[in-house]
Amino acid sequence: MSALTTATAPVTAKRGSITWKLIKAESRLCLRDKVGPIWGVGCPLLVLIILGSIPALRERQEAAGGLTIFDLYVPVLILFNLAILAMTALPTTLAGYRENGVLRRMRTTPVGPVRLLAAQLVANFAIALVAMLLFLAVAGFGFGVQLPRHLLGFTVAWLLGAAALLAIGLLVTALVPGRNAASATGTALFFPMMFFAGLWVPITQMPPLLQTIGHYTPLGAGMQAFQDAYLGHFPSAVPLLTLAAYAAGCALVAVRWFRWE
């Protein structure tokens, strides 16, 4: 082994250790924050339990491929969790770091702010993953909702949905100046996106124009992909490509225009 390799190995190991410590620290901070755990996980979980307790919502609908209305609301609430984390928790935290000078100070350290951003993304992704599994478990064991009939398709749709929404949250963080602006912008995006996911009005009951628009919104595309998976089909290309386009496009713009100060 050369001297260069010997010298590089401890540095690489140290950097990996620092990144892991950052991920653990940011995960603890995310859990202490009220937005992610309470509004992003607790609120949709409570809504899921309330809806599941209404017998009329658990009657099979032939028009929905044999699914119940409650079956259709489970993926909506999974998207609700992703939207809260991406539109509210992530932007306000990172914008707060910029506002308080954390990112600026980290630019002068060997750790660098990029690792901090990566740690935040990983922490929010982990919370979203746990929440998704929790929602499916409560819906299944508590109310007899079956798992998506096409598990691979559902997994792909969820991963692309999480990537798209977190990329949008990162874009909001990149463009807004501070925490208050990030919170306001995220909230302004959250409600129309949840509308097109079918939170208030089922997508099938929307006018044709709104249905078409919804198919090309992040949560509308995510809901379409989830419904395909619940019906036993691998999601069609259009919603998956829509989610991938949001993920790639927003991430590229966010990286290009991200302000550390």
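Ser-53 comes out partly exposed in this predicted model, since its relative accessible area is 46%. The residue sits in the loop that links helix 2 (35–52) to helix 3. Setting aside neighbours within four places in sequence, Ser-53 is in contact with Arg-58 and Phe-143. As for Ala-225, 172 residues separate it from Ser-53 in sequence, and the C-alpha to C-alpha distance is 26 Å.

Now on to helix 3 itself, where Thr-93 lies. Thr-93 is buried, because its relative accessible area of 13% falls under the 20% cut-off. Its side chain reaches the backbone oxygen of Ala-89 at 2.9 Å. Beyond neighbours within four places in sequence, Thr-93 has contacts with Asp-33, Gln-120 and Arg-179.

Here are the two residues side by side:

| Residue | Relative accessible area | Class |
|---|---|---|
| Ser-53 | 46% | partly exposed |
| Thr-93 | 13% | buried |

How do helix 3 and helix 9 pack, in terms of angle and axis distance? Helix 3 (residues 69–99) meets helix 9 (residues 218–230) at about 140°, and their axes are 10 Å apart. That angle is why helix 3 counts as oblique to helix 9. The crossing of helix 3 past helix 9 is right-handed. On the helix 3 side, the contact is made by Asp-71, Leu-72, Val-74, Pro-75, Val-76, Ile-78, Leu-79 and Ala-83. Helix 9 brings Leu-219, Gly-222, Met-223, Phe-226, Gln-227 and Tyr-230. Sorted by class, this contact between helix 3 and helix 9 has 11 nonpolar, two polar and one charged residues.

Definitions and conventions: Residues numbered from 1 in each chain as written. Predicted model: local features only at pLDDT ≥ 70, side-chain atom pairs only at ≥ 80, totals over all residues. Heavy atoms only, no water. Axes fitted to C-alpha atoms, helices over the stretch in contact; angles between N-to-C directions. Helix = DSSP H or I, 4+ residues; strand = E, 2+ residues; numbered from the N terminus. Parallel < 35°, antiparallel > 145°, perpendicular 65-115°, else oblique. Left-handed = near helix turned anticlockwise from the far one by under 90°. Contact = heavy atoms within 4.5 Å. Nonpolar A, V, L, I, M, F, W, Y, C, P; charged D, E, K, R; others polar. Buried < 20%, exposed > 50% of the residue type's maximum accessible area, 1.4 Å probe, protein only. Polar contact = N/O pair within 3.5 Å; in protein donor to acceptor, adjacent residues only side chain to side chain.
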